[in-house]
Amino acid sequence: MRPLVPTGRHKRSRAPVFETRLERLVKLLPADAIAVYLAALGLGALIDWRHYELVVFGCATALVPLLLYLDASSAGDRAPSMQYVLRTITFLAWAFVISPSLSPIEPPIAAIAAIAVPLSGESLVRIQQRPW
């Protein structure tokens with residue numbers, strides 16, 4: 001009797017992945033870290049500690065590259081270094097909109113940055129992926 005599931009690993013050649021502009025843009029939005037950040041800020045109403053919001057902000061910022069690394073390694077791949085930078089900057093822009101008290105810039109400018117950073121980052125990623 002043969003097993004139903006192959007016991008050995010077979011190397012599969014990966015076909016190049018072609019992404020649309022929207023897919024590249026969505027990749028730069030760290031939705032998982034933003035969701036954790038929002039939930040942690042919501043719990044802040046139960047905690048009476050003056051530095052809570054700042055500590056959550058720092059931890060969530062550190063979480064962005066960690067989650068990207070874990071996601072890429074679970075797929076057996078490596079994320080480009082530019083993606084680490086762009087996703088972290090995108091998170092910061094979104095966090096400044098979510099928590100205006102931590103923002104060093106005015107809320108309207110932070111809102112524009114939350115849109116402009118991923119858009120310009122997507123253009124950078126597209127330029128980097130172009131075969132020269």
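Two residues are in contact when they have heavy atoms within 4.5 Å. The model is predicted: local features need pLDDT of at least 70, side-chain atom pairs count only at pLDDT 80 or more, and totals for chains, interfaces and linings use all residues. Residues are numbered from 1 along each chain as its sequence is written, and side-chain values use heavy atoms, with hydrogens and water left out.

The protein chain has 5 helices and 0 strands; helices are DSSP runs (H or I, at least four residues), strands are E runs of at least two, and both are numbered from the N terminus.

Axes are lines fitted to C-alpha atoms, for helices over the stretch in contact, with angles from 0 to 180 degrees between N-to-C directions.

| Pair | Axis distance | Angle |
|---|---|---|
| α3 (residues 52–74) and α4 (residues 81–98) | 10 Å apart | about 150° |
| α2 (residues 31–43) and α3 | within 9 Å | roughly 160° |

α2 and α3 are therefore roughly antiparallel to each other, a term for angles over 145 degrees.

On the α3 side of the contact with α4 are F57, A60, T61, V64, P65, L68 and Y69, which meet Q83, Y84, R87, T88, F91, L92, A95 and F96 in α4. The residues of this contact divide into 11 nonpolar, 3 polar and 1 charged. Here Ala, Val, Leu, Ile, Met, Phe, Trp, Tyr, Cys and Pro count as nonpolar, Asp, Glu, Lys and Arg as charged, and the others, Gly among them, as polar.

In α2, D32, A33, V36, Y37, A40, L41 and L43 meet Y52, E53, V56, F57, A60, L63, V64 and L67 of α3. That contact comprises 13 nonpolar, no polar and 2 charged residues.

Definitions and conventions:
Angles under 35 degrees count as roughly parallel, over 145 as roughly antiparallel, 65 to 115 as roughly perpendicular and the rest as oblique.
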